[in-house]
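Okay, everyone, thanks for coming.

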Amino acid sequence: MAKYSKLEVLSTIRETGMVPVFYHKDPQTAKQVVKACYEGGVRVFEFANRGDFAQEVFGELVKYATAELPGMIMGIGTVVDAPTAALYIQLGANFVVGPVFNPDIAPVCNRRLIPYCAGCGSVSEVGAAQEAGCDLCKVFPGDVLGPAFVKALKAPMPWSQIMVTGGVKPEKENLEAWFKAGATCVGMGSNLFPKEVLAAGDWGKITDLCRQALETIKQIKK
């Protein structure tokens with residue numbers, strides 16, 4: 001069962017402006033990464049459903065965050081069907097994210113008052129997702145669609161809340177382009193977790209990257 005309300009989740013996402021996206025098959029490594037992000041100021045974390053037994057790793061992460069990281073909101077990403085969404089909701093997911101918009105997922109999340117952030121690649125998809133109850137829509141792939149897409153979308157639909165994922169970098173120029181275009185927040189994956197940093201177990205580097213990215217976003221949004 002979700003620990004945080006829909007309002008709390010969406011408010012925290014808007015306030016911080018960044019959601020790290022990460023997957024690792026080893027629960028201990030995943031815990032270290034979540035902790036490093038938490039120490040860097042992150043309060044919303046998306047674990048990706050990308051490998052065998054990912055649900056088991058996620059279950060451990062939720063228990064760990066509940067016990068050790070007060071205020072950390074855990075959600076699940078890479079969800080493309082309703083049964084998978086239901087599985088992760090039972091494991092404690094506070095929000096569900098997908099690379100596509102599947103209208104079958106919306107009722108499952110809505111019934112439990114859990115945000116469903118559907119992946120959209122067109123204005124029509126964003127509109128359809130909003131009709132299904134998606135308060136926050138994911139624009140994906142961000143690096144393909146670009147900031148101009150977000151700006152153009154927001155012109156006729158200024159109420160839209162957008163999370164951009166795909167190719168987002170923890171650099172001022174990149175972040176500035178997205179937020180000035182009208183993005184509500186960004187989802188950041190591999191650029192926040194360099195392979196060499198993970199291999200070396202340099203958790204402090206991840207903390208620094210998170211802290212710097214959040215501070216940059218804060219300055220941009222002023």
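So, the lining of the largest pocket: strand 1, strand 9 and helix 10 (195-200) each supply at least two of its residues. Helices (H or I, at least four residues) and strands (E, at least two) here are DSSP runs, numbered from the N terminus. This is a predicted model, where local features need pLDDT of at least 70 and side-chain atom pairs count only at pLDDT 80 or more, while totals for chains, interfaces and linings use all residues. Residues are numbered from 1 along each chain as its sequence is written, and side-chain values use heavy atoms, with hydrogens and water left out.

Back to the pocket. It has a volume of about 400 Å³. A pocket, on a 1 Å grid over the protein atoms alone, is an open set of points where a 1.4 Å probe fits, with protein on both sides within 12 Å along at least five of seven lines, and lining residues have an atom within 4 Å of a point. The volume is the space filled by probe spheres set on the points, which are joined across faces, edges and corners. Which residues lie nearest the centre? Those are V21, F22, R50, G189 and S190, out of 21 lining residues.

Now strand 1 itself, residues 18-22. Five of its five residues are buried, meaning under 20% relative accessible area with a 1.4 Å probe, protein chains only. M18, P20 and F22 point one way, V19 and V21 the other.

Who are its neighbours? Strand 1 pairs with strand 9 (residues 185-188) in the parallel sense over three bridges, and pairing takes at least two bridges found by DSSP. There, P20 stands opposite M188. Strand 2 (residues 44-48) also runs parallel to strand 1, joined by two bridges, and F22 has F47 as its bridge partner. To get from strand 1 to strand 2, the chain goes through helix 2 (residues 27-39), in a right-handed β-α-β crossover. Right-handed means that, with the strands pointing away from the viewer, the path from the first strand over the helix to the second runs clockwise.

Last stop, M163, in strand 8 (residues 161-165). Is M163 buried or exposed? Buried, with a relative accessible area of 2%. Not counting residues up to four places away in sequence, M163 touches a list of residues including V19, E46, V97 and C185, where contact means heavy atoms within 4.5 Å.

Notes:
Buried < 20%, exposed > 50% of the residue type's maximum accessible area, 1.4 Å probe, protein only.
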